[in-house]
Amino acid sequence: MPDEPLATPRDERRAEDAALLLRIREKDERAIEALYARYSGPLYSLAYRVTGADRYAQEVVQEVFVAVWKDAGRYDPSRGALSSWLFSLARHKAIDLVRKEANVRKHTADVDLELREADDDVDQEAWLRLRRDTVRAAITQLPEAQRTALELAFFAGLTHVEVAEKLDIPLGTAKTRIRTALLKLRDILGPSVSETDPRETLWITEPSAS
Amino acid sequence: MDHGTFRELAAGAALDDLDATERISFRAHLGFCGPCRDDETALVDTAGLLALAAPRRLPPASLRGGVMAAIAAAGNRPVDIPTAVVDLEVIRRERTRYRRLSVAGLAAAAAFAIAVAGLGASAARLQSDLDAAAGARDAALAQLATSDAAMSVVLAPDHATAMLTPDPMAAGATVYVVFRPGTTEAWLMAGQLPATPAGKVYQLWWADEAGVHALTTFTCDGSHACLAPFGVDLAAATATMITLEPVGGAQGEPGPQVAFGQLEG
């Protein structure tokens, strides 16, 4: 596992999260803009990965930030990092969209953990690239069967039952593969996982024109 | 379920792929199991990091403007949340010495005041039609009696309060449980809960270490705050939940979750 790119103490990072969310609860638009600058890129990437469509990815990102603006108090720090909550919101909204709009993405269950890069040249943040590489390297260490099951559950948004049907395996096997994959990732990535820093997902490159 | 079973549920919880029974049981278990709480937190964060594996894509430049416009349209106050409750949130921030339950109790009282106002208006309107609508009058009076019963719990010095977190289908709702431990005086108080869809009812559930238990069903008109009695002693409860069910209530597994909250247990 590579060295941690950031040395900011965990408590300080959590305090920054808390301060940002507090400002959002007080309706400070600069705070929500700061949050957008930090997370819009990774959230859009995730939403695009799940929905497979630009306009739906945009819709997801907008819904996430509006939801945070309306009710930042719903974030519970005891249940994980701020980034985890935001990604979870985005993933759920994206999956909901996919299910509502069945034609959005006809390749819903396609497995693509080879992680093709559409725009390799735009990310200039070395530490972000490092963290991404770390996560991807960890994923490649998973056995193929586990990797596939986890991919279907996370990015394709399939339920455990649907994963079992898709792979033609018993439900218990599907659950075990997904759970084991997640646990292995946790072990590979180590304790830093629970200390995800928002700046690890900082997105400071200029957005492209639509 | 034993501890091992709950540990197996942690990954499903991190991916939000538990059924309603598993979810409420697991959340209830977390209330008194530190290792499982730690497990869940780590797995939630692992799932969060997994998002970084998505191929990078830049959002279009126009998205930022769209997001900020949507935020401006949402206004400077959280929508669909009663002002009184919002003000109490300010108190919670500024006066951190307040214990959590005390603040929640105040918020419940505020929500309850809204409920009473709504019911009062409803009863006043019905009063003019008493001769023609005796049944409606009786219903209104029953509602007021219900509000009296709930109010007595709110005002009791030994009451406890907990807030439920609404699911997306009830986004913006404010939901509290107020109860007197050691008695069956326990009420659900909800503001901005969506009107119950035709052919459906809301149903209360509670969980303890023995499992998940179905309780009464109720409906909301969507315009007033609504109340519903638990009818059980929640002293040993670890969680409560509202689900959406067909008329008549759940026939086995709980339906879609509307709101969920953990109690002290």
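How many bridges join strand β4 (residues 200-208) of chain B to strand β7 (residues 239-246) of chain B? There are 8, and the two strands run antiparallel. Before going further, some housekeeping. This is a predicted model, where local features need pLDDT of at least 70, side-chain atom pairs count only at pLDDT 80 or more, and totals for chains, interfaces and linings use all residues. Residues are numbered from 1 along each chain as its sequence is written, while chains are lettered from A and ligands numbered from 1 in the order in which they are written.

**The sheet in chain B**

Chain B comes to 7 helices and 8 strands; helices (H or I, at least four residues) and strands (E, at least two) are DSSP runs, numbered from the N terminus. Its 8 strands make an open, antiparallel sheet, ordered β5-β4-β7-β8-β1-β2-β3-β6. Two strands count as paired if DSSP finds at least two bridges between them. At the edges stand β5 (211-218) and β6 (226-229) of chain B, each with a single partner strand, so one side of each has no neighbour in the sheet. From one strand to the next, the twist averages 25°. Helix α2 (residues 20-30) of chain B packs on this sheet and touches β4, β5, β7 and β8 (257-262) of chain B, with its direction at about 15° to that of β8(B). For such angles, axes are lines fitted to C-alpha atoms, for helices over the stretch in contact, and angles run from 0 to 180 degrees between N-to-C directions. Contact itself means that the C-beta atoms of two residues, placed from the backbone, lie within 7 Å.

| Strand pair | Bridges |
|---|---|
| β4(B) and β7(B) | 8 bridges |
| β4(B) and β5(B) | 6 bridges |
| β7(B) and β8(B) | 5 bridges |
| β1(B) and β8(B) | 2 bridges |

B:V201 sits opposite B:E245 in β7(B), and B:A207 has B:A239 of β7(B) as its bridge partner. On the β5(B) side, B:Y202 is bridged to B:F218, and a hairpin links β4(B) to β5(B) through 2 residues. As for β8(B), B:G261 in that strand stands opposite B:T240, and B:F260 is the bridge partner of B:T165.

How well covered are these strands? In β8(B), 6 of its 6 residues are buried, and in β4(B) the count is 7 of its 9 residues. Buried here means 20 or more other C-beta atoms within 10 Å of a residue's own, exposed means 12 or fewer, and partly exposed falls in between, with C-beta atoms placed from the backbone. Over chain B as a whole, buried residues make up 44% of the 265 residues. Among its contacts between residues at least 6 apart in sequence, 65% join residues at least 24 apart.

**Where the chains meet**

On to the interface: 65 residues of chain A are in contact with 42 residues of chain B. On the chain A side, α2 (29-51), α3 (54-70), α4 (82-100), α5 (126-140), α6 (144-154) and α8 (171-189) each give two or more residues. The largest share, 12 residues, comes from α2(A). By type, the chain A side divides into 27 nonpolar, 19 polar and 19 charged residues; Ala, Val, Leu, Ile, Met, Phe, Trp, Tyr, Cys and Pro count as nonpolar, Asp, Glu, Lys and Arg as charged, and the others, Gly among them, as polar.

Now look at helix α4 (residues 61-74) of chain B, where B:L63, B:V67 and B:I71 are buried. They cover an arc of only 70° around the axis, which puts them on the same side of α4(B); the arc is that of the directions from the helix axis to the C-beta atoms. The other side of α4(B) has B:A61, B:S62, B:G65, B:A69, B:A72 and B:A73 exposed. The cover over the buried residues of α4(B) includes α2 and α3 of chain A.

**Two cores**

A nonpolar core is a set of buried Ala, Val, Leu, Ile, Met, Phe, Trp, Tyr and Cys residues joined through C-beta atoms within 7 Å. The largest has 76 residues, and A:A47, A:V61 and A:A90 touch the most other members. Its largest share, 11 residues, comes from α2(A). Leaving aside residues up to four places away in sequence, A:A90 touches A:L43, A:L46, A:A47, A:V60 and A:V64. A second, separate core of 44 residues includes B:M189, B:Y202, B:M241 and B:L263.
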